[in-house]
Amino acid sequence: MMKTNTLRFKWSLWTAVTMIITYILLAFVLLTALSQWLLANERNSAQISLSELQNYMGARGPFLTIQDFERNTGLLNQFLSRNQSAKILNQDGIEIVQINPAAPYPSFLGPTEAFRSVEVEGQEILYRAVEFQLGNDSLYIAMSHSLTSYSSMFTYLLWSIILFGILFVIVSGFVGYFLSGILTNPLLQLKEAMQANMPGQEKQAMLSYNQQDEIGELTREYQRLVERTKQVYSMQEQFIGNVSHELRSPIQAMEGNVAMLQRWGKDDQEMVNTTLDILKDEIVKMKRMMETLLDLAKQHEVHQEWVNVEDIIHQAVKDTSETYEPILWDIQIEPVKLWFSNILLYQIITNLLSNAVRYSQDTPSIQIKGKRVKNSYEICVMDEGIGIEEQHVSRIFEPFYTVDETRSKQYGGTGLGLTIVKQLVERSGGQIEVTSVLHSGTKFRLLFPINNK
Ligand code: ADP
């Protein structure tokens, strides 16, 4: 049984309904026009016959007598066609002669202006009566034109239109049903694929529809969405795994130290102090990591304004210099104002600068360049530090990814700094890329759109 709330059913139904309405309107117009035309023809032929009779009477009238009529009905017959009949009536409406008794008459009520269609004895006729002079007598010709052939023609036409209409509706219903199938079948396939691709479902549905039309586009978009969702899913899983792993080490360290203190050193003041120091360090590490994770999770809109890039970079340079002295700076900034967030730009630059310092040996040498490139503003942060081996370069933006864990941890690194930088840059419509040569240095290139807001 066909479901009535499906797109396919509605499509077929509405196609059929529209077709029926259109057909009925069309048939109505056609039938009315045809019947008018046929009726006008009949009226015309009746009028011609009557006029011929009148002309004959008019021409021969003075020489004719009623007896002549009675004798010559055969001659008068020639003026009429088979479905027509005429009567000659006297002043009182009494019939004198009837020519060709083919059609019935209504009761005589005097002369009429034109042919009228009337129903007599269940038969449609056109009827008219006119006056004429015969010598000194005033007589009437009454004419009856049977509409039987017109009626049967009309009935025939009506039935043909009805039968053809039924056939037309059935065919259009079927055509609508099959055409809608072309549209709805791939949609149903898509729905099944969506159900099968739900997270947690074992089987993977493949979509076979590959036409270059709207549904094809929808299918391809959906496939892209599925791929993206899978990626995000696995990234999320990996991220949660990493977070728990990273949190486990400080917790284990704290647990071990507390257990040792309970067992051996409650009364040893020195051991109590050392353990408290270790606990404090671990708590600070965990706090820093929590803050960074919270930063990463923040997705809300930040306040944007016209930001003077030069000022922000100088502020970041100043703050970095205060934390990690000494540093050799080479700064060339073409002034520009970007529609951006002050805080985010500062966070991006300081993160890159602290990395440049932390991953340099001896006195860090850092170069910062800022200039317009077409419709974008390019900021490059370059160092002459330890560099990154090629196989690690593509992964340094991944959460918790550190090339050298010991070195990273030494400065309180979490492996989340560059993940945040990339997220902030991309959230503001920018791009970030990195090139690095081991033992020689690393270059981060940022591109921000200059929008003329
Ligand atoms: P971390 O907290 O470990 O510094 P980041 O996300 O900031 O985490 O960086 C990820 C890794 O990328 C770092 O552990 C480091 O190995 C590498 N890295 C980042 N910046 C530089 C740089 N300027 N020079 C060399 N290596 C870098």
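Modeller: The largest cavity has a volume of about 30 Å³; this is a predicted model. With a threshold of 30 Å³ or more, the count is one cavity. Its lining is made up of Tyr56, Leu64, Asp68, Phe69, Asn72 and Leu76. By class, the lining residues of this largest cavity are four nonpolar, one polar and one charged.

Turning to the rings, the structure holds nine aromatic pairs. One of them joins Phe340 and Phe448: the ring centres are 5.0 Å apart and the planes stand at 75 degrees, so the pair is edge-to-face, the cut-off for that class being over 60 degrees. Phe340 belongs to strand 8 (residues 337–340) and Phe448 to strand 12 (residues 441–449), so this pair ties together parts that are 108 residues apart in sequence. Both Phe340 and Phe448 are buried. Elsewhere, Tyr23, Phe164 and Phe168 form one aromatic cluster.

Two rings also have a charged side chain over the face. Arg8 lies over the face of Tyr177, at 3.8 Å from the ring centre. For Phe397, the residue over the face is Lys422, at 5.4 Å from the ring centre.

Terms used. Residues numbered from 1 in each chain as written. Predicted model: local features only at pLDDT ≥ 70, side-chain atom pairs only at ≥ 80, totals over all residues. Heavy atoms only, no water. Phe/Tyr/Trp six-rings, centres within 6.5 Å; stacked < 30°, edge-to-face > 60°. Helix = DSSP H or I, 4+ residues; strand = E, 2+ residues; numbered from the N terminus. Buried < 20%, exposed > 50% of the residue type's maximum accessible area, 1.4 Å probe, protein only. Lys NZ or Arg CZ within 6 Å of the ring centre and 35° of its normal. 1 Å grid on protein atoms, 1.4 Å probe; cavity = no way out; pocket = protein on both sides within 12 Å on 5 of 7 lines; lining within 4 Å. Points joined across faces, edges and corners; volume = space filled by probe spheres on them. Nonpolar A, V, L, I, M, F, W, Y, C, P; charged D, E, K, R; others polar.
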